[in-house]
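Trainee: I have a model open on my screen and would like to go through it with you. Could we take it one question at a time?

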Amino acid sequence: MKSFKLMIFALTVLVFAACSVSKPKMVIEKQVYIPDSQELYDKIVSLDSIYFNAYNTCDMALQDSFYADNIEFYHDKSGLSTSKKDLLEGLKNNICGKVTRELVKGSIEVYPLKGFGAVEMGSHKFHNNQEPSDTPSEIGKFIIIWKQTGEKWQISRVVSLH
C-alpha cells in the first residue's frame, strides 16, 4: 500500500512537472526598415501625402489624376474594383466629408519594382467624421503599387485591409 501511494505521489509530481515546463517561445525579430533608395522613399512618401490630402479634402480631380485607368483596388470588405469611374464615384458618395485618413507615423516602407515603379506598404487609420472626434479607430494595412511612366507616377494597384 505504501508503494502504491508513493507511486501515485511520484506520478502526480511528474504530471505537474510536465505541465509546468515552458514550451520554447517563437521570437520574431522585427527588422529595422532601411529604404533601398532614400530618393525613391521620399518621392513615394510625398505622393502618398499629396494623394491622401486630396482624399481628405475631397479634391476629386486630383484623386482622378492619381489613379491609373486600369486600376485594381482590392478591399478586404468589399472585394475587387477594376472600374476607375466606379471607384471615384464611390469615394465621392461614401468618403468625401465623411471619412478622414490618418497615416500611422513611421509605418511606410517603399521598395523599387524594377522597370515598373514602386511598392508602398504601411498602416493607417480611417476616422468617421460623423462620430465624436475621440472615437477610436483601428489600424489598417495597405499596399499601393505605383507605376512610373516618365516623370508621372500613378496608383495602379491597391490592397486595403482593415
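Trainee: Which residue lies over the face of Phe142, at 5.1 Å from the ring centre?

Mentor: Happy to start there, with a word on the model itself: it is predicted, so local features need pLDDT of at least 70 and side-chain atom pairs count only at pLDDT 80 or more, while totals for chains, interfaces and linings use all residues. Residues are numbered from 1 along each chain as its sequence is written, and side-chain values use heavy atoms, with hydrogens and water left out. A charge sits over a ring if NZ of Lys or CZ of Arg is within 6 Å of the ring centre and within 35 degrees of the ring normal. At 5.1 Å from the ring centre of Phe142, the residue over its face is Arg101.

Trainee: Over the ring of which other residue does the charged end of Arg101 sit?

Mentor: Here the charged end is 3.5 Å from the ring centre. The ring under Arg101 in this case belongs to Phe52.

Trainee: What pattern does the protein chain follow along the sequence?

Mentor: Helices (H or I, at least four residues) and strands (E, at least two) are DSSP runs, numbered from the N terminus. The chain has four helices and seven strands. Read in order, they give α-α-α-β-β-α-β-β-β-β-β.

Trainee: How many aromatic pairs are there?

Mentor: Rings of Phe, Tyr and Trp (its six-membered ring) pair if their centres lie within 6.5 Å; planes under 30 degrees apart count as stacked, over 60 as edge-to-face and the rest as tilted. By this rule the count is nine.

Trainee: Why is the pair of Tyr51 and Phe66 edge-to-face?

Mentor: The ring centres of Tyr51 and Phe66 are 5.5 Å apart. Tyr51 lies in helix H2 and Phe66 in helix H3, so the pair ties together parts that are 15 residues apart in sequence. The pair is edge-to-face because the planes are at 65°.

Trainee: Are Tyr51 and Phe66 buried or exposed?

Mentor: Buried means under 20% relative accessible area, exposed over 50%, and partly exposed in between (1.4 Å probe, protein chains only). Tyr51 has a relative accessible area of 2%, and Phe66 has 7%. With those values, Tyr51 is buried and Phe66 is also buried.

Trainee: Which residues form one aromatic cluster?

Mentor: Tyr51 and Phe66 are both in this cluster.

Trainee: Which element gives the largest share of the lining of the largest pocket?

Mentor: On a 1 Å grid over the protein atoms alone, a pocket is an open set of points where a 1.4 Å probe fits, with protein on both sides within 12 Å along at least five of seven lines, and lining residues have an atom within 4 Å of a point. The largest pocket is lined by 24 residues, of which Tyr55, Phe73, His75, Leu91 and Ser160 lie nearest its centre. Elements that give two or more residues to this lining include H2, strand S1 (67-75) and strand S7 (152-161). The largest share, four residues, comes from H4.

Trainee: How many charged residues are in the lining of the largest pocket?

Mentor: Ala, Val, Leu, Ile, Met, Phe, Trp, Tyr, Cys and Pro count as nonpolar, Asp, Glu, Lys and Arg as charged, and the others, Gly among them, as polar. The lining divides into 15 nonpolar and nine polar residues. The number of charged residues is none.

Trainee: With which residues is Gly122 in contact, leaving aside its neighbours within four places in sequence?

Mentor: Gly122 is found in strand S5, and it is buried, with a relative accessible area of 11%. Gly122 is also one of the residues that line the second largest pocket. Contact means heavy atoms within 4.5 Å. By that cut-off, the partners of Gly122 are Ser107, Ile108, Gly140, Lys141 and Phe142.

Trainee: Which residue has a positive phi although it is not a glycine?

Mentor: Most residues other than glycine have a negative phi. The one to look at lies in the loop between helix H2 (38-57) and helix H3 (60-66), and is partly exposed at 26% relative accessible area. With a phi of about 60°, the residue is Cys58.
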